[in-house]
Structure formats: C-alpha cells, structure tokens
Amino acid sequence: MPLRIPICAFDAKTGILCAKCQAKLSAGQISNSDIIVSKVLVKLAESTPELNKMALLRSYEVEGSYVMEMEQADAGLIRSKPEIKQKVEDMLKGKVWVIGTSNSDRQFLEELFYPIRILTVNTVWLPDGSKLTKVIIPGKRPERLRGEIEALKKVVKQVKGIELLVESEREATLRL
Ligand SMILES: [Zn+2]
C-alpha cells in the first residue's frame, strides 16, 4: 500500500495542487502544513520503504516546528525508528513531533511529550472561570527542558486549544 497523505501523491511529487486539492485548501479542509509535510514524506518514501505503509492524517505547523498526526501504529513505528523522524526534521528544517490519532487529551499529551514522561494531568480552574491543564513531569531540574516545553505549550494551544501549565515534580511538591 502506498503512503497515504492528505493530498494526491501526484500533487506532492510535482509540487502543484490539482483543482480538487486546491479546493480543499481553499475550504480549509487541508492546511499549508499538510502540503509541506506531504511533499517531504513522499520524497522520503523513495528511500525509506517503511513509510509506504503509513498514513499522514494531518499536520500542524507551529512557529517552524511541525506536528504529524498519524495512525496510532504508524506513530509507534516512527517513535521506534528515530532515524526516520530525524530525516523528516532535516528536510523540514524544523522540529517534528509525531502523534497518533487519539480521542483523549491525556494520550495526546503523553505522545506529544515523549520521550518526556508525564506523571499527572490535572485541570486547574482559575478565579475568572477559565481553565488550565497542569502537567507534572519528573525531575528536579526542568531548566534544560525549558525551550522544548515552551514549544510544546504553543503546540498544545494551537492543536487542541488547551492552555498548558508544566511543572516538575519538585516544583509541584514545593507548592503543596
Ligand atoms: Zn490533488
């Protein structure tokens, strides 16, 4: 089975959208990042046969980084082969997160944060009635992850509309 992507394989190869895909783009059914990532995956599939069985469901671009939403099994496979993700990152010239399609916010967060482990996910209500989702990750010194966590917060906000607060175990304990 060939690689499945949100646009026609032919369009991804030539870089020119057919009328049908152009209409989907105009209607907002597909995004510019769907097109960018599809092109890269089609190109990469020529030298990476594993990709040919996979399906890119959709993708998001967040400040030069990309989220690829794939079938659950495909996301697992890419996680087990970091060299594939690395190649996609090189070609996109940005960081890439691979997530499986899921209905649960917790699962979405766990896959997005991987390999950072998530200990707990809580909802925090603010006095003004808005809510935050608080994620607690292990460790005492999250400083080295700060850049990545700031990027993850932006991704979560854009993809799921969730306002995220990330604390380390140590910070969470101090607050009690
Ligand atoms: Zn097309």
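Here is a chat about the predicted model shown above.

Visitor: What kind of model is this, and how are its residues numbered?

Guide: The model is predicted, so local features need pLDDT of at least 70 and side-chain atom pairs count only at pLDDT 80 or more, while totals for chains, interfaces and linings use all residues. Residues are numbered from 1 along each chain as its sequence is written, and side-chain values use heavy atoms, with hydrogens and water left out.

Visitor: Thanks! How many helices and strands are there in the protein chain?

Guide: The protein chain has eight helices and six strands. Both are DSSP runs numbered from the N terminus: helices are H or I with at least four residues, strands are E with at least two. Starting at the N terminus, the order is α-α-α-β-β-α-α-β-α-β-β-α-β-α.

Visitor: And what percentage of the residues count as buried?

Guide: That is 41% of the 176 residues. Buried means under 20% relative accessible area, exposed over 50%, and partly exposed in between, using a 1.4 Å probe and protein chains only.

Visitor: On to the metal. Which residues coordinate the zinc ion?

Guide: Cys 8 (SG), Asp 11 (OD), Cys 18 (SG) and Cys 21 (SG) do, at 2.0 to 2.3 Å. Donors are N, O and S atoms within 2.8 Å of the metal (3.2 Å for Na, K and Ca); water is not among the atoms, so sites may look incomplete. Along the sequence, the donor residues follow the spacing C-x2-D-x6-C-x2-C. Cys 8 sits in the segment before helix 1 (9-14) and Cys 18 in the loop between helix 1 and helix 2 (19-26), so this pair ties together parts that are 10 residues apart in sequence.

Visitor: Why is the arrangement called tetrahedral?

Guide: Because the four donor atoms subtend angles of 96 to 122 degrees around the zinc ion. Four donors count as tetrahedral if all angles lie between 85 and 135 degrees.

Visitor: Is Cys 8 buried, exposed or partly exposed, and what about Cys 18?

Guide: Cys 8 counts as partly exposed at 33% relative accessibility, and Cys 18 counts as partly exposed at 26%.

Visitor: Changing topic: how do helix 3 and helix 5 pack?

Guide: Helix 3 (residues 32-45) and helix 5 (residues 82-92) meet at an angle of about 125 degrees, with axes 10 Å apart. Axes are lines fitted to C-alpha atoms, for helices over the stretch in contact, and angles run from 0 to 180 degrees between N-to-C directions. The two helices are therefore oblique to each other; under 35 degrees would be roughly parallel, over 145 roughly antiparallel and 65 to 115 roughly perpendicular, with the rest oblique.

Visitor: What does Glu 111 contact through its side chain?

Guide: Glu 111 is in helix 6 and counts as buried at 9% relative accessibility. Its side chain makes polar contacts with the side chains of Gln 72 (3.5 Å) and Arg 79 (3.4 Å). A polar contact is a pair of N or O atoms within 3.5 Å; within protein, one must be able to donate a hydrogen and the other to accept it, and residues adjacent in sequence count only if both atoms are side-chain atoms.

Visitor: Where is the cis peptide bond?

Guide: The cis bond joins Tyr 114 and Pro 115, with omega about 5 degrees. Pro 115 lies in the loop between helix 6 and strand 4 (120-125).

Visitor: Last one: what is phi of Lys 93?

Guide: Phi of Lys 93 is near 55 degrees, a positive value in a residue other than glycine. Lys 93 is in the loop between helix 5 and strand 3 (96-100), and is exposed, with a relative accessible area of 73%.

Technical notes: Four donors count as tetrahedral if all angles lie between 85 and 135 degrees; four count as square planar and six as octahedral if opposite donors are over 155 degrees apart and all others between 65 and 115; anything else is irregular.
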